[in-house]
Amino acid sequence: MSDFTSVDTNEDFIFDTPLDELVDNLYAKRSVTRENALVELVDSFESDDLLSFVENQYITISYLFINSIKKGMTKETNLACRAIGLLSFTVGGGIGSHEIMKEALPQLCKILSGSDQSKIPAVVKCIGLLAFLGADELDETEMALEAIWKIIQPKSGNNVTTVKYEPPVVVAAITAWTLLLTTISTWRINHENWTKYISDLSNLLEADDRAVRMAAGEAMALFFELKLFDVKPAEEDSEYFQRLTYMNNMRAKVTAQIDALSCEASHKGANKKNRSAQRELFRNIWDYVMNGGDIEETVKMSSRGTILCISSWAELIQLNFIKHFLRKGFHQHAQYNPLMREIFTFDEDEIEYLPNRVKKIHRSKSKRRHYLQIKKERDIAEARKQSFFNELIY
């Protein structure tokens, strides 16, 4: 990728819109000029529907954001990470988000290998969102998961100096990593590979920092929802009972940790408000693990009363991450961005309040979900039928 930095201003050039001028300022040599432009662009992405502005130039704009990520100090890099995430969200997933992700991830991963921790929270969140929106293949998601996991659990060894990351860095990494895990279907997960993750996150449930414990707790809730503690037998597998015993022991350990955190007293350095938030989270996780309790949360998505109903840990994790990343732009995107209807399911009786371009996409997505559900049920029935005939034959 070429270096886009050039002169600070061009007084003779007449810009079509103020946004064009802000984009042009990203070419400036002076970092303060680029920073000021990023501040205003981020605010515009949060406040307005900019799809018509970016849809024909999102690649050029993304290159400029990546240039700021590469060249900037902490403030500029962090702003550019937010800007490119908001750009991908505005583009709306699909080919556009995939192209942005492919161009940005190499540079973002380079920053993770550096020593400047002040950039890492913004970078891991950016990696999480870009891969969440843009990854087409499982290996792309796994690459992002692996890059983020190195922050959660740094490698150690005789020839490796273990990095001690600050709690805010670890929290950001866990939340981004957990977001990506929500995109992997259960049938695509190799359960044998997850024992290390479960063990490491179990250790983080005992961290001194409350926010780290809560982030690890949400990841564990998703592990239970994805049934990652289950061990599936395989033919001629001599290690099956060993894995089964290990995972049962880990399930018992994690369950006991969740129980303890759901009624934690005043130790471990948390104030009353923070302890209350932790107890509420872990009580909900405990209820889900022990009783199969449903996740029930409603979110007002627009001023006209559109309501989103959350019914799984995966949806709750996605919602919390997106709300945190979009900040004040959440309701703006909820009302006008069709991508929100792809990520979350809305009731049909709420469609009448949506813009026309969102109605059309929402209905097509609903039809597709209905078709995929029918196809899935047919595939299961066919598999059971084939299994029955195989048993008769053998």
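Analyst: What follows is a set of questions and answers about a predicted model.

User: Why are helices α9 and α11 called roughly parallel to each other?

Analyst: Helix α9, residues 167-181, packs with helix α11, residues 210-225, at an angle of about 15°, and their axes are 9 Å apart. Angles under 35 degrees count as roughly parallel, and α9 and α11 are therefore described in that way. The crossing of these two helices, α9 and α11, is left-handed.

User: What makes up the contact of α9 with α11, in terms of nonpolar, polar and charged residues?

Analyst: On the side of α9, the residues that take part include Val 170, Ile 174, Trp 177 and Leu 181, and those they meet in α11 include Val 212, Ala 215, Leu 222 and Phe 223. The residues of this contact divide into 13 nonpolar, 2 polar and 1 charged. Among the residues in the contact are Thr 175 and Thr 178 in α9, and Glu 218 in α11; Thr counts as polar and Glu as charged.

User: How do you know that the length of helix α5 is close to what is expected?

Analyst: Helix α5, residues 74-91, has 18 residues, and from its first C-alpha to its last it reaches 26 Å, which is close to the 26 Å expected at 1.5 Å a residue. Just after α5 comes Gly 92, which takes a positive phi of about 100°.

User: What makes α5 a mostly covered helix?

Analyst: Of the 18 residues in α5, 15 are buried, where buried means under 20% relative accessible area. Thr 77 has its place in this helix, α5, and because its relative accessibility is 0%, Thr 77 counts as buried. Leaving aside residues up to four places away in sequence, Thr 77 touches Ser 68, Ile 69, Gly 72, Ile 111 and Lys 119.

User: Why does Lys 227 count as partly exposed, rather than buried or exposed?

Analyst: Lys 227, which is found in the loop between α11 and α12, has a relative accessibility of 48%. Buried means under 20% and exposed means over 50%, with partly exposed in between, so Lys 227 counts as partly exposed.

User: What is the phi of Lys 227, and what is that of Arg 327?

Analyst: Most residues other than glycine have a negative phi. Lys 227, however, has a phi near 60°, a positive value in a residue that is not glycine. Arg 327, in the loop between α14 and α15, has a positive phi of about 55° although it is not a glycine either.

Technical notes
Residues are numbered from 1 along each chain as its sequence is written. This is a predicted model: local features need pLDDT of at least 70, side-chain atom pairs count only at pLDDT 80 or more; totals for chains, interfaces and linings use all residues. Side-chain values use heavy atoms; hydrogens and water are left out. Axes are lines fitted to C-alpha atoms, for helices over the stretch in contact, and angles run from 0 to 180 degrees between N-to-C directions. Helices (H or I, at least four residues) and strands (E, at least two) are DSSP runs, numbered from the N terminus. Angles under 35 degrees count as roughly parallel, over 145 as roughly antiparallel, 65 to 115 as roughly perpendicular and the rest as oblique. A crossing is left-handed if the near helix is turned anticlockwise from the far one by less than a right angle, and right-handed if clockwise. Contact means heavy atoms within 4.5 Å. The expected span of a helix is 1.5 Å times one less than its number of residues. Buried means under 20% relative accessible area, exposed over 50%, partly exposed in between (1.4 Å probe, protein chains only).
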